[in-house]
Amino acid sequence: MLRTGAVLVAGIIGAVVLNAVLAEFIDDYVVRVINLCGVAIVLAVSLNVINGLCGQFSLGHAGFMAIGAYVCSLFTTTQRYYDAASAQYVSEPSLAARMAEMFGADLAAAGSEQLQSIAAWGFLPGLIAGGVVSALAGLVVGIPALRLRGDYLAIATLGFGEIVRVVITNIPQIGGATGLPGLPPLANTSWIFAVCVVCIVFSVNLQRSTFGRALIAIRENELAAEIMGVRIARMKVMAFIYGAFFAGVAGGLLAHLLQTISPATFNFMKSIEVVVMLVLGGLGSLTGAVVGAIVLTVLPEALRDVEREVNLPGIRMVVYALVLILLMIFRPQGIFGQRELSLKLLRRVIPGGRK
Amino acid sequence: MAETVLELEGINVFYGAIHALRDVSLCVNAGEVVTLIGANGAGKTTTLATICGLMRPKSGSVKYNGADIARAQTHELVAQGLVMAPEGRGIFPNLTVDENLRIGAYARRDKPAVAADLAHAYEIFPRLSERKRQKGGTLSGGEQQMLAIARALMSAPKLLLLDEPSLGLAPLIVQTIFATIDRINKQGVTILLVEQNANIALKHSHRAYVIEAGRVDIEGDSAQLRNDPRVKAAYLGEG
């Protein structure tokens with residue numbers, strides 16, 4: 001308990017320091033890629049609990065992200081939309097602004113700087129609310145997971161993601177198909193990596209807990225797990241709730257990093273992308289999820305330079321696909337398999353190291 | 001007479017339209033080893049699945065320590081000491097032997113007792129203790145069967161259901177497994193044993209039921225059934 005707390009505090013301080021260092025010395029483009037890596041890590045690690053540990057093949061992560069992103073944006077962003085009934089543009093203040101008003105702030109008189117700081121105050125509650133609403137959706141999706149297996153579950157969760165997207169497209173109040181522009185740029189490296197640390201620390205503890213072992217037991221042999229007294233139904237739903245919560249938070253982060261979201265941001269390719277990260281890293285390995293997330297975020301960007309060198313526009317996606325295909329041929333269990341990065345593994349891998 | 005631990009009365013179980021168990025009645029008394037023998041597809045495994053809450057009987061009653069458990073959830077039964085070691089050895093292949101055993105104690109909260117039982121399980125099955133860190137899937141068939149039984153023991157069973165412990169094992173290993181079953185029984189665990197290998201099951205049990213096409217055909221003391229001409233002809237390959 002104490003150790004977990006210490007790691008969390010150290011990690012969050014580390015994230016803040018990292019933010020300061022990056023902002024000072026590193027160029028904005030690279031910082032942005034690093035931030036995207038952070039979001040990807042949260043996504044992959046959270047999906048790993050559902051797909052990797054519990055073995056429930058879910059393709060609904062984009063749906064959870066979308067929910068988190070949109071709920072979070074309600075807290076931080078003034079929503080402007082065209083109201084067909086009155087034939088004019090309407091503007092709804094953000095929840096943070098409304099709260100500020102309740103505490104006596106005069107929004108009309110406030111300068112832009114003040115408005116920005118009000119929005120910033122809405123960010124943390126927004127992230128948490130996004131996570132919670134998304135977790136509730138996870139509960140709803142988790143229930144069909146009790147009856148469906150394998151491919152059928154994948155299709156059902158894919159359907160869920162698409163439903164979320166279509167529903168958002170048809171709500172003009174949150175931007176409809178056009179999406180929401182002008183989100184405040186609140187998700188900096190501090191926020192993203194703080195969430196990253198929380199997500200990883202929680203997931204490491206979860207994996208080592210009785211709950212984590214129960215999830216693995218379900219993946220390994222559902223019938224045997226049930227016979228051993230594991231409450232299959234409850235555990236599966238819990239896995240979905242856990243994964244959905246962090247996917248929602250990651251959605252909130254991504255929204256405030258990209259500053260523009262639309263339903264198309266969260267199409268099913270996004271879900272597939274996260275699954276590919278997991279498979280690449282090694283399904284069921286937390287280290288693998290982190291590495292997969294970083295590789296698949298950095299690779300397409302790094303290949304941009306290659307593309308410029310050889311002067312073949314578009315070749316980067318070909319190389320990207322080739323890398324994936326080759327990896328699946330030569331290492332189908334993923335980079336890490338089900339192993340975790342530990343000192344023991346390092347000693348074994350590094351030649352000449354002590355046994 | 002010892003008290004009755006488990007009592008099935010006239011249960012009927014269906015797989016869709018197929019009538020798998022017809023009016024099956026049987027009872028197990030405290031301290032006994034009772035065996036249920038029969039051919040493939042006779043309904044042995046279905047009987048066990050019904051007892052531990054994986055299948056629901058359409059009619060009839062299942063009583064465990066006097067309480068009706070026909071609608072109980074599996075995890076509730078495990079908490080009450082009714083545990084099954086599944087057929088085909090149903091172990092967790094990618095977990096180590098040690099992790100497999102710890103999952104056996106999943107439903108328990110009494111940590112010191114769990115540690116003691118873990119040591120005890122390794123004492124009963126020294127082979128497993130040699131392979132603590134090995135993955136379950138890399139064990140031999142006999143070792144996997146030992147692991148399945150040891151894992152069931154980890155949930156502190158009062159009534160242990162064993163589904164075909166001899167399945168696919170070499171005769172020598174089967175001897176070891178059954179010697180261990182005797183030993184577990186002597187330590188106070190009541191056992192209901194399902195077997196195709198009637199010969200060895202009858203040697204290592206007090207009473208037996210013969211099930212055929214979903215019906216209990218013959219029942220009685222195991223020693224008696226070994227001399228019963230019908231059993232001899234059909235299941236012991238004699239006569």
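Me: Before we start, what makes two residues count as in contact in this predicted model?
Reply: Two residues are in contact if their C-beta atoms, placed from the backbone, lie within 7 Å. By contacts of this kind, the buried residues of α7(A) pack against α3 (61-76), α6 (123-145) and α12 (268-281) of chain A.

Me: Which residues of α7(A) are buried, and what makes them so?
Reply: They are Leu153(A), Thr157(A), Phe160(A), Gly161(A), Val164(A), Arg165(A) and Ile168(A). A residue is called buried if 20 or more other C-beta atoms lie within 10 Å of its own, so each of these meets that cut-off.

Me: How do you know where around the axis they sit?
Reply: Their arc around the axis is only 130°, so they lie on the same side of α7(A). On the other side, Asp151(A), Ile163(A) and Val166(A) are exposed.

Me: How do you know that the span of helix α7 of chain A agrees with its number of residues?
Reply: Its 20 residues (150-169), at 1.5 Å a residue, should span 28 Å, and the end C-alpha atoms are 29 Å apart, which agrees.

Me: Let's turn to chain B. Why are β6 and β10 of chain B said to stand at the edges?
Reply: Six strands form an open sheet there, in the order β6-β7-β8-β3-β9-β10, with mixed pairing. β6 (82-85) and β10 (215-221) of chain B each have a single partner strand, so one side of each has no neighbour in the sheet.

Me: What makes β3 and β9 of chain B a pair?
Reply: Pairing takes at least two bridges, and β3 (residues 33-37) and β9 (residues 207-212) of chain B have four, so they pair, in the parallel sense. In β9(B), Arg207(B) is the bridge partner of Val34(B).

Conventions. Residues are numbered from 1 along each chain as its sequence is written. Chains are lettered from A and ligands numbered from 1 in the order in which they are written. This is a predicted model: local features need pLDDT of at least 70, side-chain atom pairs count only at pLDDT 80 or more; totals for chains, interfaces and linings use all residues. The expected span of a helix is 1.5 Å times one less than its number of residues. A residue is buried if 20 or more other C-beta atoms lie within 10 Å of its own, exposed if 12 or fewer, and partly exposed in between; C-beta atoms are placed from the backbone. The arc is that of the directions from the helix axis to the C-beta atoms.
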